[in-house]
There are 2 protein chains.
Amino acid sequence: MSLRYALLGILREGPASGYDLMQLFKVSLHNTWPATQSQIYTELGKLADAGLLSVTARGPRGRKEYSLTDDGLAELRRWLLETEPEPHRNEPMLRVFLLGALTRDQAREYLTYLEKRAARFTDALEALDADVDWDNGDLSFYGRLALEYGKRLQAMNGEWAAWAVTQIPGAAAGDD
Amino acid sequence: MSLRYALLGILREGPASGYDLMQLFKVSLHNTWPATQSQIYTELGKLADAGLLSVTARGPRGRKEYSLTDDGLAELRRWLLETEPEPHRNEPMLRVFLLGALTRDQAREYLTYLEKRAARFTDALEALDADVDWDNGDLSFYGRLALEYGKRLQAMNGEWAAWAVTQIPGAAAGDD
DNA sequence: CTTTTCATGTAACAAGTTACATGATTTG
DNA sequence: CAAATCATGTAACTTGTTACATGAAAAG
């Protein structure tokens with residue numbers, strides 16, 4: 001359901017094609033709201049049918065550029081102001097709950113893996129930060145706030161995992 | 001896909017009915033992996049058909065108690081050891097990306113709302129901590145690690161939101 | 001002229017949500 | 001005996017994933 005609003009929100013910055021949006025999702029939105037090519041094209045079709053978007057230009061190879069309509073902007077604002085974010089799933093944390101199915105050594109390994117994963121992720125976010133050409137648009141402005149969030153989240157993830165690994169009783173080897 | 005492993009993992013602690021599992025999801029797993037009643041019953045049926053669970057007791061009102069089979073435990077371990085967690089969606093953060101659709105006052109309001117939300121969530125986690133009767137099982141042990149994660153996450157959320165609100169330029173009123 | 005990039009669309013399937021439907025047992 | 005709780009199941013719908021299918025245009 002949120003994908004539709006992501007599309008409306010991005011198109012508020014200016015018209016774009018499905019292909020353009022696909023690229024944007026691949027780089028900057030992937031960590032926040034992953035979407036596949038097929039989903040994007042399908043959703044753009046529905047949004048245009050509903051009058052929230054309109055095709056405002058055609059290019060080579062069947063390229064279609066979509067623009068946000070007044071109705072689309074109104075619907076985006078309504079969503080932002082009048083609806084609550086839905087609870088989200090955290091698969092790595094679900095796995096923590098279930099770690100009792102493994103030996104303590106394996107559980108420690110998983111937590112160490114989470115710590116390394118956080119470090120890798122932090123590097124990826126730094127790279128993204130350097131890679132994106134931030135402009136003066138709202139998406140860049142708020143995108144930087146979201147990026148800072150990602151960095152803090154990964155720092156916290158790493159610290160928690162390092163702490164959690166010390167909580168598992170027993171020596172470093174030979175349990176269960 | 002993860003729901004099936006959540007069910008297998010919980011049943012590793014001991015047999016339970018669909019109803020029991022439903023309660024557990026409502027209280028302690030809701031923040032990590034929400035699941036509906038219909039989803040749980042459907043999945044239990046599939047898991048039993050696949051031989052990963054078996055019905056080991058019947059009670060009043062058609063109650064069925066499921067137990068983890070050896071195949072089920074093996075499949076749970078395989079998932080934990082050999083598969084990668086999938087990327088997860090963060091709707092509140094998607095909304096941050098799209099805040100340019102609102103006035104700056106409204107954007108600040110949203111961030112302030114996120115800060116309050118984090119505080120409320122922290123309180124709810126403290127209440128949960130006090131409410132749950134932690135036993136000596138693995139689910140309790142690892143559940144406490146996950147709970148600590150939740151507390152740290154909410155603390156970070158609140159700090160980030162308080163910082164983010166200061167990043168939005170302009171006086172406290174009268175823009176856009 | 002071959003490969004890469006641009007560009008769209010759809011079909012089949014899996015996962016998750018909402019709503020409906022039913023009824024036994026326990027508690028006050 | 002009325003209300004709350006226990007207990008299960010399924011149908012319709014929405015959302016998301018994987019895979020297939022096609023082809024124009026640009027770059028080397």
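The structure is a predicted model, in which local features need pLDDT of at least 70 and side-chain atom pairs count only at pLDDT 80 or more, while totals for chains, interfaces and linings use all residues. Residues are numbered from 1 along each chain as its sequence is written, chains are lettered from A and ligands numbered from 1 in the order in which they are written, and side-chain values use heavy atoms, with hydrogens and water left out.

**Helix pair in chain A**

- Two packed helices are described by the angle between their axes and the distance between the axes.
- The axes of α1(A) (residues 2–11) and α3(A) cross at roughly 75° and come within 10 Å; the axes are lines fitted to C-alpha atoms, for helices over the stretch in contact, and angles run from 0 to 180 degrees between N-to-C directions.
- α1(A) and α3(A) are therefore roughly perpendicular to each other.
- On the α1(A) side the contact is made by Leu3(A), Arg4(A), Leu7(A), Leu8(A) and Leu11(A), and on the α3(A) side by Gln39(A), Ile40(A), Glu43(A), Leu44(A) and Leu47(A), where contact means heavy atoms within 4.5 Å.
- By class, this contact of α1(A) with α3(A) has seven nonpolar, one polar and two charged residues.
- In this classification Ala, Val, Leu, Ile, Met, Phe, Trp, Tyr, Cys and Pro count as nonpolar, Asp, Glu, Lys and Arg as charged, and the others, Gly among them, as polar.
- Helices (H or I, at least four residues) and strands (E, at least two) are DSSP runs, numbered from the N terminus.

- Sugar or phosphate holds 66% of the atoms of DNA strand C within 4 Å of the protein, and the rest belong to bases.
- A polar backbone atom of Tyr19(A) is 2.7 Å from a phosphate oxygen of DNA strand C.
- An N or O atom in the side chain of Lys64(A) is 2.7 Å from a phosphate oxygen of DNA strand C.
- From chain B, a backbone N or O atom of Met1(B) lies 3.5 Å from a sugar or linking oxygen of DNA strand C.
- The elements giving two or more residues to this surface near DNA strand C are α2 (18–27) and α3 (37–49) of chain A, together with α3 (37–49) of chain B.
- The largest share, four residues, comes from α3(A).
- The surface near DNA strand C has six nonpolar, nine polar and five charged residues.

- Of the 20 residues around DNA strand D, the nearest are Met1(A), Ser38(A), Tyr19(B), Tyr41(B) and Lys64(B).
- Of the atoms of DNA strand D that come within 4 Å of the protein, 66% are accounted for by sugar and phosphate.
- Phosphate oxygens of DNA strand D lie 2.9 Å from a polar side-chain atom of Gln39(A) and 2.7 Å from a backbone N or O atom of Tyr19(B).
- An N or O atom in the side chain of Gln37(B) is 3.0 Å from a base nitrogen of DNA strand D.
- α3 of chain A and α2 and α3 of chain B are the elements that give two or more residues to the surface near DNA strand D.
- α3(B) gives the most, with four residues.
- By class, the surface near DNA strand D has six nonpolar, nine polar and five charged residues.

- Buried means under 20% relative accessible area, exposed over 50%, and partly exposed in between (1.4 Å probe, protein chains only).
- Ten of the ten residues of helix α1 (residues 2–11) of chain B are buried, so this helix is largely enclosed by the rest of the structure.
- Lys26(B), in helix α2 (residues 18–27) of chain B, counts as exposed at 55% relative accessibility.
- Arg58(B), in strand β2 (residues 53–58) of chain B, is exposed, with a relative accessible area of 65%.
- Leaving aside neighbours within four places in sequence, Arg58(B) is in contact with Arg63(B) and Lys64(B).

Key: Near = heavy atom within 4 Å. Polar contact = N/O pair within 3.5 Å; in protein donor to acceptor, adjacent residues only side chain to side chain. Parallel < 35°, antiparallel > 145°, perpendicular 65-115°, else oblique.
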